[in-house]
Amino acid sequence: MPMHNRKKKWYQGVQDQGHLFGVWNTQAQNGIQFYPEADQFKISGSKTFCSGVGIVDRALITGNIDYTDRKGWQMAIVDMSGISEQNIDKNSWKPLGMQASGSYTVDFSGYLLDESDLISRPGIYLNQPYFSGGAIRFAAVHLGGAEAIAENTIEYLLSLNRTEDPIQRLRLSNIMMQLVSGRLWLEKAGQHYDEWADDKTHEQDLIAFANMTRVTIEDICLRIMDESNKCIGARGLMAPYDMERIFRDLTFYLRQPAPDATRLNVADFFIKKQQTGHESNI
Ligand SMILES: Cc1cc2nc3c(=O)[nH]c(=O)nc-3n(C[C@H](O)[C@H](O)[C@H](O)COP(=O)(O)OP(=O)(O)OC[C@H]3O[C@@H](n4cnc5c(N)ncnc54)[C@H](O)[C@@H]3O)c2cc1C
């Protein structure tokens, strides 16, 4: 089936039936393989962290394929009505935070795909700068969590008449300066994304800026949690306050893929920039 017809098929499901898609790439040791079987492909293996499973109608999953000219990390769409409840391991989700959500492990073994369910060529999932650039979106969610912590911290101190204390004020100013720095990073990252995402000459700049944004926001969130923790103490970390939940949720959601490698890639960018004399305004 030509690519434009495939797109139409998936778009139509969204438009006409309100289909919800999930993007499930993360896996453990028993990850996904696509094996040819007659004129179809059989899936073997599982995905972990399948956010929204249960309400997701169509899952975009990735896995290894090695068949004629298709070799590498392939995307495919799975109709979730073809996956039995027994293949969804709800016991796999016992997180520190985000307990109200469900990102379970799903075993796709035995599911048969038509060739038209394979999306694009192998390797396209990791296409840059879109792959690394996408991290700006979760960084924005992270900073939203830190913003909730900042607001709750001020609210808490106000409710106890503790905002006149100079040490508390000092911590609040640290929290707010961190938060505003995070907003500036995100605004600039958004501008760069809009200007550079489709401009090949700025591909490396955008990847480096997105990488820096992502890990800087992580550091900012950790610092805000640390300062807030000291502001509110144990009493503030208990019901009826929301802080214990927000702390757990943000602590957990901050753990995103390859944080160390991301920092090393930032160093690589600046070393190469200097070596090659690459013109860049970052
Ligand atoms: C709430 C939530 C929802 C999610 N939803 C989805 C989803 O819908 N779809 C999806 O695809 N994914 C999803 N994920 C997974 C997410 O994208 C990350 O893959 C995952 O959070 C990273 O897990 P980890 O911290 O255990 O990673 P790890 O890779 O285990 O990293 C932990 C630490 O080990 C280091 N490390 C990594 N590899 C090595 C190595 N080889 N040697 C030594 N050190 C190493 C890392 O730098 C890091 O410091 C979700 C995650 C969360 C928290």
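This briefing describes the ligand site and selected backbone features of the structure above. The model is predicted: local features need pLDDT of at least 70, side-chain atom pairs count only at pLDDT 80 or more, and totals for chains, interfaces and linings use all residues. Residues are numbered from 1 along each chain as its sequence is written, and side-chain values use heavy atoms, with hydrogens and water left out.

**Ligand site**

- Domain 1 (3-126) and domain 2 (130-276) both contribute to the shell around the ligand, so the ligand lies between them; the domain bounds come from an automatic or database domain assignment.
- Around the ligand there are 16 residues, of which N25, T26, S51, R255 and D260 come nearest; a residue is near if one of its heavy atoms lies within 4 Å of the molecule.
- The shell comprises nine nonpolar, five polar and two charged residues, where Ala, Val, Leu, Ile, Met, Phe, Trp, Tyr, Cys and Pro count as nonpolar, Asp, Glu, Lys and Arg as charged, and the others, Gly among them, as polar.

- A backbone N or O atom of V23 lies 2.9 Å from a ligand nitrogen atom.
- For N25, a backbone N or O atom is 2.7 Å from an oxygen atom of the ligand.
- A polar side-chain atom of T26 lies 2.7 Å from a nitrogen atom of the ligand.

**Backbone features**

- Q128 and P129 are joined by a cis peptide bond, with omega about 5 degrees.
- A cis peptide bond also joins A239 and P240, with omega about 10 degrees.
- T68, a residue other than glycine, has a positive phi near 40 degrees.

Definitions and conventions
Polar contact = N/O pair within 3.5 Å; in protein donor to acceptor, adjacent residues only side chain to side chain.
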